[in-house]
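Please read it alongside the model shown below.

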Amino acid sequence: MSKQKRDPYEVLGVSRNATADEIKKAYRKLARKYHPDANPGDNQAAERFKEVSEAYSILSDPDQRAAYDNLGWAGLGATAGGTGGDPFAGFGFGDIFGSIFSDFFGERRGFRREATGKHIRISLELTFEEAASGVKKKITVKKHETCSRCNGSRAEPGTSPRRCSVCGGSGVEEIRQRTPFGIMINQTICNACNGTGEMVDHPCTLCKGTGLEEKTKKITVDIPAGIDDGQKVIIRGEGEPGPHGVPPGNLYIIIRLKPHKYFHREGNELIYEHTINIAQAALGDTIYVPTLVKGEKAKVKIPPGTEMNTIFRLKNKGFPNVNGYGRGDMHVIIRISTPKKLTPREKELLTELKEIWAAKKDGS
Ligand SMILES: [Zn+2]
Ligand SMILES: [Zn+2]
C-alpha cells in the first residue's frame with residue numbers, strides 16, 4: 001500500500017470541477033493507452049492502468065468523489081477491523097473493464113453487470129471534541145453475508161446446483177442482430193437463472209436459496225481528526241456482498257456533529273461567545289475560556305475599554321485540517337451584559353457613577 005498516492009484528478013488530467021462526462025472521456029483515453037492488452041509485459045503501463053482505473057472508480061462514483069473532495073484520501077482510506085488498506089479491496093476491476101472495453105470495440109452493447117454489491121449508508125454522531133481529536137468508534141452494521149450453511153452455493157448441503165440449460169451456464173443471453181454495420185450482439189442477464197448460470201433444485205434451508213444470511217457485524221472505524229458534519233468516511237468492501245463473484249459494496253459513514261453547549265463551528269474555525277460585565281469591559285480583566293480539549297482552559301486578556309463584539313483570536317485552538325495541513329483558530333466574541341436586579345450597594349455605586357458621568361458631560 002503506497003502512502004503517497006497521486007491525486008485522482010491529476011491522474012486523469014482533469015480539473016476539480018470536471019463533469020462526469022469529461023471524467024469518463026479522460027479515463028477512456030488513458031485506459032485505452034495503458035491497457036495491458038495494448039502493452040504486453042510492460043509493468044509500468046500496468047501500474048499506470050491500475051492508477052487510472054482507481055482514479056476513475058473514485059471520481060465516477062458521486063459519493064466517493066464527494067468524500068475525496070472533502071477529506072482527500074482520508075475520506076476513502078479508513079480501514080475497518082479485518083479489512084486491509086488495499087485500495088483495490090472491494091473494487092470491481094474486471095467488471096467495470098469488461099463493460100467499458102466492450103463499449104470501446106463496439107461489438108457488445110446494452111448489458112452491464114453491477115460492478116459491486118450494494119453500498120450501505122449509516123450515520124454516526126460525534127461530539128466536537130471527538131471530531132477535533134479524531135476517534136476510534138465501534139459501529140454495528142446489519143448486513144448480509146455469505147450463508148454459513150451452504151457457503152453461498154444456495155443449494156442444500158449434499159446437493160449441488162446444475163448448469164442453467166437456457167444460457168448454458170454463462171448467465172448471459174445473447175441476441176444477434178444483423179445491421180448495415182455487421183452483426184451486433186446484445187447481451188442481457190439470463191432470465192431463467194437470474195445471471196448466476198446455475199439452477200438450484202434443492203434450495204438451502206437456512207437462506208432459502210439466496211446464499212445470504214443477515215448478520216450484525218461490529219466494525220471499528222478510525223475517524224480522522226478534523227472531520228466535519230456531513231462528511232463521509234468510506235470503508236471499502238464492507239457493504240452488501242455482490243452477486244456471484246462480484247465484490248462487495250462499500251460502507252459509507254456519514255458524520256453528524258452533535259450541537260455543542262458553548263461552541264459553534266465554521267469550517268475549521270471554532271466560535272465561542274463570552275459575556276463580561278460593564279466593569280470588566282471598562283477596567284479590563286483576565287478570563288478563562290473552555291477549549292476543545294476537555295478540562296483545558298485558555299487564558300484571554302481583556303484590555304480596559306473593550307467594546308461589545310470585540311473578537312479575540314486564539315491561534316491553533318480550532319479544528320485540525322482533516323488532511324493534516326494546519327489547524328483553525330478559536331474566536332472568542334465578547335458580549336457585554338447590562339446589570340439587572342441590583343443590590344442596594346450596587347445601586348448606590350452606579351448612581352454615584354451616573355452622577356459623576358453626568359457632571360463630566362455638563363462640565364465639558
Ligand atoms: Zn444457504
Ligand atoms: Zn441461465
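Leu270 has Met330 as its bridge partner in strand β16. The two strands involved, β12 (residues 269-277) and β16 (residues 330-337), run parallel and are joined by eight bridges. This is a predicted model, in which local features need pLDDT of at least 70 and side-chain atom pairs count only at pLDDT 80 or more, while totals for chains, interfaces and linings use all residues. Residues are numbered from 1 along each chain as its sequence is written, chains are lettered from A and ligands numbered from 1 in the order in which they are written, and side-chain values use heavy atoms, with hydrogens and water left out.

**Four-stranded sheet**
- Strands β11, β12, β16 and β15 form, in that order, an open sheet with mixed pairing; two strands pair if DSSP finds at least two bridges between them.
- Strands β11 (263-266) and β15 (311-314) are at the edges with a single partner strand each, so one side of each has no neighbour in the sheet.
- From one strand to the next, the twist averages 30°.

**Three-stranded sheet**
- A further open sheet of mixed pairing has three strands in the order β2-β10-β9.
- Its edges are β2 (120-126) and β9 (232-235), each with a single partner strand, so one side of each is left without a neighbour in the sheet.
- Neighbouring strands here are turned by 25° against each other on average, direction ignored.
- Seven bridges pair β2 with β10 in the parallel sense, and Glu125 has Arg256 as its bridge partner in β10.
- Helix α4 (residues 62-71) packs on this sheet and touches β2, β9 and β10; its direction makes about 120° with that of β9. Axes are lines fitted to C-alpha atoms, for helices over the stretch in contact, and angles run from 0 to 180 degrees between N-to-C directions.

- Beyond its neighbours within four places in sequence, Val332 is in contact (heavy atoms within 4.5 Å) with Tyr272, His274, Val289, Val300, Thr310, Ile311, Phe312 and Leu314.

**Aromatic and charge-ring contacts**
- There are six aromatic pairs, counted where the ring centres of Phe, Tyr or Trp (its six-membered ring) lie within 6.5 Å; planes under 30 degrees apart are stacked, over 60 edge-to-face, and the rest tilted.
- The ring centres of Phe263 and Tyr272 are 5.7 Å apart and the planes are at 65°, so this pair is edge-to-face.
- Both Phe263 and Tyr272 are buried, and together with Tyr262 they form one aromatic cluster.
- The charged end of Arg121 sits over the ring of Tyr252 at 5.1 Å from its centre; the criterion is NZ of Lys or CZ of Arg within 6 Å of the ring centre and within 35 degrees of the ring normal.
- Arg265 lies over the face of Phe319, 3.7 Å from the ring centre.

**Chain totals**
- The protein chain has nine helices and 16 strands; these are DSSP runs (helices H or I, at least four residues; strands E, at least two), numbered from the N terminus.
- Of its 364 residues, 40% are buried, meaning under 20% relative accessible area, with exposed over 50% and partly exposed in between (1.4 Å probe, protein chains only).
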